[in-house]
Amino acid sequence: MNRIILTTIFAIALSGATLGRPQFYKDNRIVGGFPVDIKEAPYQVSLQFSSHFCGGSVISSRFILTAGHCVFESANEFSVRVGATDRQNDGELFEIQNVIRHPKYNGQTIDYDFAIIELETEIQFDETKQPIELPEQDEEVVDGTLCKVSGWGDTKNGMESDIVLRAAMVPSVNQDKCNHAYDDEITDRMICAGYTEGGKDACQGDSGGPLVAENKLIGVVSWGKGCAEPNYFGVYSRVASVVDWIKEHTDL
């Protein structure tokens, strides 16, 4: 099963909306990674409707950045857990005041796969809750830059729990190389990361979560074929492509 399909099914059940291209979307958990304490990724959040279904990143005391395919029409259909290592018991739950999906989001191509979540109350920052810095508008990422992706998604290993936050280190991939793997479906709003041999990747449940390099949020977990499959890289929404839009709709 592909990465976005479970999130898509979940969203359809709640809102009746049709999101994404299920045949290409990844499961939502970290594959080939390692457990981390939230203090090592204090920007990481969990979007929850009874239980975890997507990730996100703290970008200020009131705003979260996630994937467009993760959000619903109504802000009161889910909440945000911040400061958690254990996604079920740790941290603090925040109610949502507003959701802004990028106006150019395309559910068929998953282009402009971004959404901003405004919280009802401010996050009080501490060692478990911190914002992540954004890149500059159109800032480039050097091919091969080592990046950290994190989340509570599918590990593809019954011995590895998805209750505790996990992370994996993956290199950014040349745009042309990734486009070749995906038959020219990669747009300028996307960035790829992973290994040609596979083995390390985001998966089902990681959607919307952070891809971080050099202490900046460079990507949002978006889609891909399978999880950690050879010759198919993880596809992330390129944050640098929409920084001006983010600043327009937040307090940054």
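Analyst: Let us start with a hairpin: it joins β3 to β4 through four residues. Helices (H or I, at least four residues) and strands (E, at least two) are DSSP runs, numbered from the N terminus. This is a predicted model, where local features need pLDDT of at least 70, side-chain atom pairs count only at pLDDT 80 or more, and totals for chains, interfaces and linings use all residues. Residues are numbered from 1 along each chain as its sequence is written, and side-chain values use heavy atoms, with hydrogens and water left out.

User: Which strand is joined to β4 by four bridges?

Analyst: That is β8 (residues 115-119), and the two run antiparallel. L65 has I116 in β8 as its bridge partner.

User: Which way do the residues of β4 point, and are they buried or exposed?

Analyst: F63 and L65 point one way, I64 and T66 the other way. All four are buried. Buried means under 20% relative accessible area, exposed over 50%, partly exposed in between (1.4 Å probe, protein chains only).

User: How do you know that C54 and C70 form a disulfide?

Analyst: A disulfide is a pair of cysteine sulfur atoms within 2.5 Å. For C54 and C70 the S to S distance is 2.1 Å, so the pair qualifies. The angle about the S-S bond is -75°, and the link is left-handed. C54 lies in strand β3 and C70 in the loop between β4 and β5 (79-82), so the pair ties together parts that are 16 residues apart in sequence.

User: Why is C54 called buried?

Analyst: Its relative accessible area is 0%, so C54 falls under the cut-off for buried. C70 is also at 0%, and therefore counts as buried. C147 has a relative accessible area of 0% too, so C147 is buried.

User: How many disulfides does a search of the whole structure find?

Analyst: The search finds two. C178 and C192 form a disulfide, with sulfur atoms 1.9 Å apart. C178 is in helix α2 and C192 in strand β11, 14 residues apart. Both cysteines are buried.

User: Why is the pair of Y182 and W223 called edge-to-face?

Analyst: Rings of Phe, Tyr and Trp (its six-membered ring) pair if their centres lie within 6.5 Å; planes under 30 degrees apart count as stacked, over 60 as edge-to-face and the rest as tilted. Y182 and W223 are 4.9 Å centre to centre, with 65° between the planes, so both tests are passed. Y182 lies in the loop between α2 (175-181) and β11 (190-193), and W223 in strand β13 (residues 216-223), so the pair ties together parts that are 41 residues apart in sequence. Ring pairs link Y182, W223 and Y232 into a cluster.

User: What makes K225 a charge over the ring of Y232?

Analyst: The rule asks for NZ of Lys or CZ of Arg within 6 Å of the ring centre and within 35 degrees of the ring normal. K225 lies over the face of Y232, at 5.8 Å from the ring centre.

User: Where does pLDDT stay under 50?

Analyst: Over residues 5-29. pLDDT is the predictor's confidence in each residue, from 0 to 100. Where pLDDT is low, the predicted coordinates should not be read in detail. The protein chain averages 85, and 81% of the residues score at least 70.

Definitions and conventions
Two strands pair if DSSP finds at least two bridges between them. Contact means heavy atoms within 4.5 Å.
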